[in-house]
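Work through the exercises below with the coordinates loaded. Each task is followed by its solution in steps.

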Amino acid sequence: MASATDSRYGQKESSDQNFDYMFKILIIGNSSVGKTSFLFRYADDSFTPAFVSTVGIDFKVKTIYRNDKRIKLQIWDTAGQERYRTITTAYYRGAMGFILMYDITNEESFNAVQDWSTQIKTYSWDNAQVLLVGNKCDMEDERVVSSEKGRQLAEHLGFEFFEASAKDNINVKQTFERLVDIICEKMSESLDTADPAVTAPPKSPQKPVSAPQTPSPRPRPELLLLGVPRGLLLLIPPKGLRPL
């Protein structure tokens, strides 16, 4: 993996178009839980204590190797404020994975997890994978949400659970790699259980062989068929021909 000082490799990594898969991943949660810092720690291995709220949505691209596959991650950092909710939920469509984040020192952000989970179910596709992450675990003295509460909520929602710290670089890489592994596992399961009739390439349709058919008789030229009110049908000879 490229280091923060290897700028040449990082540039190549961002612009390289050779990859086996591309996964769209969203980081969501209340404002100020540390989503942007978490993304920058993973993508650039950098951290700044300065807090600047994300306006709307932003993203970074990172290419990794997992299971002998070159995977390009398109990671979207979403704004947590309510006024941006209409914008951010529009990006849920097509996302294969979500990191749902709360701040272990902010109980309000933890209580909002259920609402964020409902939004994922409402706006994303059914097979999207989700990890619940309690961020800022380095601030143990200010903790108000226990690890056990986070784990229980994750089990209730059917998510895997991590506690992490963007500041101390704890479980940041592990979180992303686990999410990618789950997505790959689900993709593999889908391929294994798919109907062969659906996954197999379509065959060229073959015309059925049938015996020669006698051509249908042509309509008698001396009759014209005109439509009239329902229940009536008139047969009128064309001009110049005698009626039968």
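Two strands pair if DSSP finds at least two bridges between them; strands (E, at least two residues) and helices (H or I, at least four residues) are DSSP runs, numbered from the N terminus. The model is predicted, so local features need pLDDT of at least 70 and side-chain atom pairs count only at pLDDT 80 or more, while totals for chains, interfaces and linings use all residues. Residues are numbered from 1 along each chain as its sequence is written, and side-chain values use heavy atoms, with hydrogens and water left out.

**Exercise 1.** Determine the strand order of the open sheet and the strands at its edges.

Step 1. The open sheet is formed by 6 strands, ordered E2-E3-E1-E4-E5-E6, with mixed pairing.
Step 2. E2 and strand E6 (160-163) each have a single partner strand and stand at the edges, so one side of each lacks a neighbour in the sheet.
Step 3. From one strand to the next, the twist averages 25°; axes are lines fitted to C-alpha atoms, for helices over the stretch in contact, and angles run from 0 to 180 degrees between N-to-C directions.
Step 4. The pairing of E2 with E3 is antiparallel and spans 10 bridges. Asp58 has Asp77, in E3, as its bridge partner.

**Exercise 2.** Describe the burial and packing of helix H2 (residues 35-44).

Step 1. Buried means under 20% relative accessible area, exposed over 50%, partly exposed in between (1.4 Å probe, protein chains only). The buried residues of H2 are Lys35, Phe38, Leu39, Arg41, Tyr42 and Ala43.
Step 2. These residues pack against strands E1 (21-29), E2 (57-66), E3 (69-78), E4 (97-103) and E5 (129-135), and against helix H7 (172-193).

**Exercise 3.** Which residues have the most contacts inside the largest nonpolar core?

Step 1. A nonpolar core is a set of buried Ala, Val, Leu, Ile, Met, Phe, Trp, Tyr and Cys residues joined through side-chain atoms within 4.5 Å.
Step 2. The largest has 27 residues, and Phe23, Ile27, Phe38, Leu73, Ile99, Phe176 and Val180 have the most contacts inside it.
Step 3. H7 gives the largest share of this core, 7 residues.

**Exercise 4.** Locate Ala166 and list its contacts.

Step 1. Ala166 lies in the loop between E6 and H7, and is buried at a relative accessible area of 4%.
Step 2. With contact meaning heavy atoms within 4.5 Å, and neighbours within four places in sequence left aside, Ala166 touches Ser37, Phe38, Arg41, Phe47, Asn135 and Val172.
Step 3. Ala166 and Leu39 are 127 residues apart in sequence, with a C-alpha to C-alpha distance of 8.3 Å.
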